[in-house]
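I opened my notebook and wrote down what I looked up, one entry at a time.

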Amino acid sequence: MLTQDSNSRIGLSIYRFIAAMLGFFIVSVSAEMLVGLFSVPSEGYMYAAGTFATFATFLFLICFVSTKERVATAESAISLKEMVTTVKTNGPLHALSIYTGFIYIAFTLWMAVAVFYVMYVIGDPEFIPTFFIIQTIANIFSLVLANKLMLSLGKKKTALYSLPVGVAIAIFQYFVPADNVALLMTCIFFFIAALGINMGVMWTMVADTVEYSEWKTGLRAEGAVYGFYNFTTKIAMAIGGGLSGSILGIYGYDPELITPQALEGIVICMTIVPAILFILAFISVRFYNIDEQQYSDMVDEIEQRKLAASNI
């Protein structure tokens with residue numbers, strides 16, 4: 001609703017994610033510090049969460065009062081049945097949601113075991129803050145790169161080119177010795193960059209599926225489209241979190257006794273499983289059939305329909 005210009009949407013999506021990564025970084029480096037101010041950790045976590053929630057609420061309100069919707073639409077509300085129709089007939093949204101699901105499962109799984117990877121595989125718990133600083137830098141780098149790639153290649157091609165790179169890096173990392181921290185972190189930096197590029201791509205793509213739905217059905221239902229899409233991400237995150245526990249359980253993970261088998265499970269969660277999920281995401285995004293030219297044609301046709309309707 002801010003703009004229908006494809007390039008502007010790319011810039012807005014990247015700006016949004018850079019800010020999100022900065023927020024993630026702030027929480028990552030300050031949470032333990034806030035908890036440490038309390039003698040009882042459970043109280044510390046409660047107050048830390050409350051502090052973050054207070055700041056988040058304040059920022060939400062700033063977003064609300066400073067955002068202006070600029071895309072003109074009909075004021076009439078649509079029914080629940082019509083909302084279901086806009087989602088059910090939106091093929092690109094379905095393909096995008098499956099692609100997004102695999103990426104979010106990979107991301108959540110990776111994040112769930114990252115601390116274990118530093119603690120037990122790299123073997124240096126004090127390296128955890130540095131690890132997340134490197135991850136944040138990789139995310140910001142990836143989003144700046146994603147912006148340039150999407151403007152030059154297009155959204156779908158950016159995803160199709162970056163996913164195989166992520167697969168190759170993850171598989172290569174699996175064979176890197178644990179004591180070669182520099183090479184491991186180089187692999188992690190570029191894998192996170194590939195992941196971050198796709199995070200930026202998918203949230204730009206979803207905006208275009210709103211126009212597809214309007215073009216196909218004559219109904220504009222941002223809420224239905226984004227609601228369905230966000231539901232997909234939440235399900236994927238739940239699966240990713242559960243999958244990490246299941247895999248570690250299969251490999252006999254026990255924090256009291258870290259066996260070589262458990263270490264292998266942690267490494268697999270950081271490398272082989274995300275690589276497989278990236279391959280599935282690559283297959284899924286190929287079915288997303290909105291390119292830049294088609295998007296432009298759809299927007300033009302929608303505007304022509306509105307103009308014709310206003311002249312009746």
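Which residue forms a salt bridge with Glu 301? I found that the partner is Arg 305, with the closest N and O atoms 2.9 Å apart. (A salt bridge here is a side-chain nitrogen of Lys or Arg within 4 Å of a carboxyl oxygen of Asp or Glu.)

**Before going on.** I noted that this is a predicted model, where local features need pLDDT of at least 70, side-chain atom pairs count only at pLDDT 80 or more, and totals for chains, interfaces and linings use all residues. Residues are numbered from 1 along each chain as its sequence is written, and side-chain values use heavy atoms, with hydrogens and water left out.

**Entry 1: the pair in α11.** Glu 301 and Arg 305 sit four residues apart in helix α11 (residues 292-310), so about one helical turn separates them. (Helices are DSSP runs of H or I, at least four residues, numbered from the N terminus.) I looked up their cover too: Glu 301 is partly exposed at 32% relative accessible area, and Arg 305 is partly exposed at 35%.

**Entry 2: other salt bridges.** By this rule I get a count of seven salt bridges. One of them pairs Lys 155 with Asp 208, the closest N and O atoms being 2.4 Å apart. Lys 155 lies in helix α6 and Asp 208 in helix α7, so this pair ties together parts that are 53 residues apart in sequence. Lys 155 is buried at 2% relative accessible area, and Asp 208 is buried at 3%. Arg 220 forms a salt bridge with Glu 222, again with a closest N and O distance of 2.4 Å. Arg 220 counts as buried at 12%, and Glu 222 is buried at 19%.

**Entry 3: helix α5.** Helix α5 (residues 128-153) has 26 residues and reaches 36 Å from its first C-alpha to its last, close to the 38 Å expected at 1.5 Å a residue. (The expected span is 1.5 Å times one less than the number of residues.) Its buried residues include Phe 131, Phe 132, Leu 143 and Met 150. The buried residues of α5 pack against α1, α4, α6, α7 and α9, where contact means heavy atoms within 4.5 Å. Just after α5, I noticed that Gly 154 takes a positive phi of about 100°.

Technical notes
Helices (H or I, at least four residues) and strands (E, at least two) are DSSP runs, numbered from the N terminus. Buried means under 20% relative accessible area, exposed over 50%, partly exposed in between (1.4 Å probe, protein chains only).
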